[in-house]
Amino acid sequence: MVLAMIAVHQECDYDAVACELHRRLARGNARRLTPRGPDAPCQRHGEQDLLAWQRRFLAEERAHIARQAAQAPTTTREFLAWFSALREKGPGQGDPLFPWLAEHATMMDMRWFLGQEAAGEAGFDDLVALAQVKLPARPKLEMARNYWDEMGRGQQEGMHGGLLDHLVQHLDLPVAIETTVWPALALGNLMVALATERDHAYHAIGALGVIELTAPGRVVQVAAGLRRLGIAARERRYFDLHAVLDVKHSQAWNSEVIAPLVDQDPRIATWIAEGALMRLSAGARCFASYRSALRQLP
């Protein structure tokens with residue numbers, strides 16, 4: 001059924017088809033990654049079709065940025081400079097959505113935005129855990145340190161995912177696949193695909209690293225908007241924390257994860273570049289969709 005929809009998507013409304021496919025993939029990923037016992041009812045109907053479409057989705061996203069990624073240098077020092085420059089020059093950077101959220105969004109606007117973000121959130125902690133499998137010791141150790149921070153350094157009340165959940169509960173946000181714009185679902189689906197498809201392991205490293213690189217500039221503006229709207233420090237802690245901590249994470253990710261991998265094999269630089277650009281391009285598409293839905297920005 002999924003492959004049949006793909007075959008005719010050129011003749012249909014692309015957004016409608018993409019929405020249905022990404023909703024199916026998001027539900028399928030949730031089922032596939034949820035722990036279950038061996039006696040659980042089989043829920044694998046259509047899974048192979050979904051995974052086949054996931055691979056096609058990855059191929060299309062990769063092709064979209066291939067020319068730009070090919071321009072990235074493959075020597076370590078030069079590549080790190082290119083990668084770091086994505087903070088200012090990468091797709092979606094400086095999007096007007098975020099100053100608007102900081103300065104003008106109403107509580108209704110902010111609640112809608114946060115609901116979309118929460119629904120598309122793939123879970124950075126799980127993505128890091130999946131991506132680090134069988135990597136060399138030095139990158140693995142840095143990813144372990146990153147994961148430990150995500151886990152609140154062993155304290156449940158400090159777990160980053162829990163901090164976001166707390167804000168969702170405090171604001172009573174409606175978080176559901178059915179009410180989420182497809183680019184937000186596509187963003188989450190992309191990250192799950194990169195982390196679980198081992199032939200895209202280095203792409204996952206690039207995508208995760210560029211999140212750490214670029215997130216602080218966005219989350220500080222979301223935090224400012226929440227503060228302006230009267231949301232207390234405890235409820236906005238998820239955003240306040242990442243505005244500071246991700247700067248340190250990015251520096252360590254570049255030096256301890258990316259650098260040794262590129263030292264090991266210069267080809268990895270291109271794959272990391274592709275992953276970073278795939279993630280940034282998906283984010284830019286997502287921001288444009290948010291602006292369109294909010295009808296406040298060009």
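At what angle do α11 and α13 pack, and how far apart are their axes? Before the answer, some ground rules. This is a predicted model, where local features need pLDDT of at least 70, side-chain atom pairs count only at pLDDT 80 or more, and totals for chains, interfaces and linings use all residues. Residues are numbered from 1 along each chain as its sequence is written, and side-chain values use heavy atoms, with hydrogens and water left out.

Now the answer: the angle is about 50 degrees, and the axes are 7 Å apart. That makes α11 oblique to α13; the word covers whatever is left once angles under 35 degrees (roughly parallel), over 145 (roughly antiparallel) and 65 to 115 (roughly perpendicular) are taken out. Axes here are lines fitted to C-alpha atoms, for helices over the stretch in contact, and angles run from 0 to 180 degrees between N-to-C directions. Contact means heavy atoms within 4.5 Å. Among the residues of α11 that meet α13 are Tyr 202, Val 210 and Arg 218.

Next, α10, residues 182-196. Its angle with α13 is about 165 degrees, with the axes 8 Å apart. The two are therefore roughly antiparallel. On the α13 side, the residues met by α10 include Ala 282, Gly 283 and Cys 286.

Last, α4. Its buried residues (under 20% relative accessible area, 1.4 Å probe, protein chains only) are Thr 76, Phe 79, Leu 80, Trp 82, Phe 83 and Leu 86. They cover an arc of only 160 degrees around the axis, which puts them on the same side of α4. These residues pack against α3, α11, α12 and α13.

Key
Buried means under 20% relative accessible area, exposed over 50%, partly exposed in between (1.4 Å probe, protein chains only). Helices (H or I, at least four residues) and strands (E, at least two) are DSSP runs, numbered from the N terminus. The arc is that of the directions from the helix axis to the C-beta atoms.
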